[in-house]
Amino acid sequence: MAARVPAADLNQHLSSPFTALRCRSPGDEAPLRVASRTPRRSAEPTTTRILCRAAEVQGSGGGSKRRRREPLRRGAVSARLPVPDHIPRPPYVGTDAVPDVSPDRQVHDGESIMRMLDACELAARVLHHAGAMVKPSVTTDEIDRAVHQMIVDAGAYPSPLGYGGFPKSVCTSVNECTCHGIPDSRELQSCFLPMTLQDGDIINIDVTVYLNGYHGDTSRTYLCGEVDDATKQLVKVTEECMMRGISACKHGASFKEIGQRISEHAEKYGYGIDPFVGHGIGRIFHCEPIIWHTYDYEPGFMVAGQTFTIEPTLSMGSTQCVVWDDGWTAVAVDGSLSAQFEHTVLVTSDGAEILTGFP
């Protein structure tokens, strides 16, 4: 689940790197700024909030003719699912305020690495189970129920549930939903358009679990039904971008290398990089370092034992988005498709270990 912090006063925090020039809520007259403890380059425009940020690289489309599809419409959102009382809750549960991104960087010893691995392995298993459910006529609410049940059956807590008021246990972002989609009653589609090939949805499922005091976070974009080649390429390249970002990680490496490798690969295909960032993770859901998927934002160097997420989101068109009035669902303004992949990684002396890999 991509990091997010609450918006602050427009006239404060001129040095914030968390900008959203291309992401706004309906009715916003001007972008908002957020507090940040991370410096940014003076050449950057000053603006807004971490929910969405402007991507430097603009997409030129998927390289093939875009097929018409119905715009994404919200369905009915069911009530929050209960969590047994004996399961420990993260500290933010019980308040609807979005927690600040913590400045505490998570660096682990042997015992905490094992706990991180347990949480991440569970998240990976849950994601695999949820992905197997993706087919036409299945609702995202059904996926949420299955995810929720598998997590609580394992004695863990679904980290998104109650985070800043988020009402569900998983994020499900369909088609032009860039990030933070709320599961609802909408059915996944696999429609035949007149005189065209069969076309289908794509859906990103973003799972985070809280187990034994640690969070594990992972996501993947799945194809629903028959999907055209241009969309398949978007999904494939997005996963490749994530893996290229991970390949930059090792003790002493610059954080800037992650965004550079991702940007270089996305640019080869003309894709835009959507406005969301990765984040440190461990005992805290969202903490520093902030992981930019574009060029040259995060100063500093990686340290062995550090854990964070790499989770690029690529778009076939505009990287501008609007946020629905639920306060979470970010949707591309031009209806262009987005794909996202995410792993939690552990920095080692000579590389990085993917903690959320599934066998």
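Predicted model: local features only at pLDDT ≥ 70, side-chain atom pairs only at ≥ 80, totals over all residues.
Me: Where does Asn175 lie, and what is its phi?

Reply: Asn175 sits in the loop between S3 and strand S4 (177-179). Its phi is positive, at about 55°, and Asn175 is not a glycine either. Asn175 has a relative accessible area of 2%, so it is buried.

Me: Which residues does a cis peptide bond join?

Reply: Glu288 and Pro289 are joined by one, with omega at about 10°. Look for Pro289 in strand S11 (residues 287-291).

Me: Let's zoom out. How many helices and strands are there?

Reply: The protein has four helices and 18 strands. Of its 359 residues, 57% are buried. The exposed surface comes to about 14300 Å², with carbon and sulfur atoms supplying 51% of that area. For contacts between residues at least 6 apart in sequence, 76% join residues at least 24 apart.

Me: Now the helices. At what angle do the axes of H1 and H2 cross?

Reply: First the idea: two packed helices are described by the angle between their axes and the distance between the axes. Here the axes of H1 and H2 come within 10 Å and cross at roughly 150°. That makes H1 roughly antiparallel to H2, because angles over 145 degrees fall in that class. The crossing of H1 past H2 is right-handed.

Me: Which residues meet where H1 passes H2?

Reply: From H1, they are Arg125, Val126, His129 and Ala130. From H2, they are Ile143, Ala146, Val147, Met150 and Ile151.

Me: On to charges. How many salt bridges does the count come to?

Reply: Side chains of opposite charge can pair when their charged atoms come close. In this model the count comes to nine salt bridges. One of them pairs Lys168 with Asp144, at 3.9 Å from N to O. Lys168 lies in the loop between strand S2 (157-158) and strand S3 (171-174), while Asp144 is in helix H2 (residues 140-153), so the bridge ties together parts 24 residues apart in sequence.

Me: Are Lys168 and Asp144 buried or exposed?

Reply: Lys168 is buried, at 1% relative accessibility. Asp144 is buried too, with a relative accessible area of 1%.

Me: What separates Glu257 and Arg261 within their helix?

Reply: About one helical turn, because they are four residues apart in helix H4 (residues 256-268). Glu257 is partly exposed at 27%, and Arg261 is partly exposed at 29%. Elsewhere, salt bridges that share partners join Asp141, Asp144, Arg145 and Lys168 into one network.

Me: Which residue forms a salt bridge with Asp96?

Reply: Arg80 does, with the closest N and O atoms 3.9 Å apart. Both Asp96 and Arg80 are in the loop between S1 and H1, 16 residues apart. Asp96 is exposed at 55% relative accessibility, whereas Arg80 is partly exposed at 43%.

Me: How do I read the surroundings of a single residue? Which residues does Thr309 touch?

Reply: Set aside residues up to four places away in sequence, and Thr309 touches Asp217, Gly278, His279, Ile281, Ile291, Glu342, His343 and Thr344. Thr309 is in strand S12 (residues 307-310) and is buried, with a relative accessible area of 0%. Thr309 and Gly280 are 29 residues apart in sequence and 6.3 Å apart in space, C-alpha to C-alpha.

Me: And Pro88: is it buried or exposed?

Reply: Pro88 is exposed, at 53% relative accessible area. It lies in the loop between strand S1 (23-24) and helix H1 (110-132). Leaving aside neighbours within four places in sequence, Pro88 is in contact with Tyr157 and Tyr210. Pro88 and Asn212 are 124 residues apart in sequence, yet 7.9 Å apart in space, C-alpha to C-alpha.

Terms used
Residues numbered from 1 in each chain as written. Heavy atoms only, no water. Helix = DSSP H or I, 4+ residues; strand = E, 2+ residues; numbered from the N terminus. Buried < 20%, exposed > 50% of the residue type's maximum accessible area, 1.4 Å probe, protein only. Contact = heavy atoms within 4.5 Å. Salt bridge = Lys/Arg side-chain N within 4 Å of Asp/Glu carboxyl O. Areas by Shrake-Rupley, 256 points an atom, 1.4 Å probe, with all protein chains shown as cover. Axes fitted to C-alpha atoms, helices over the stretch in contact; angles between N-to-C directions. Parallel < 35°, antiparallel > 145°, perpendicular 65-115°, else oblique. Left-handed = near helix turned anticlockwise from the far one by under 90°.
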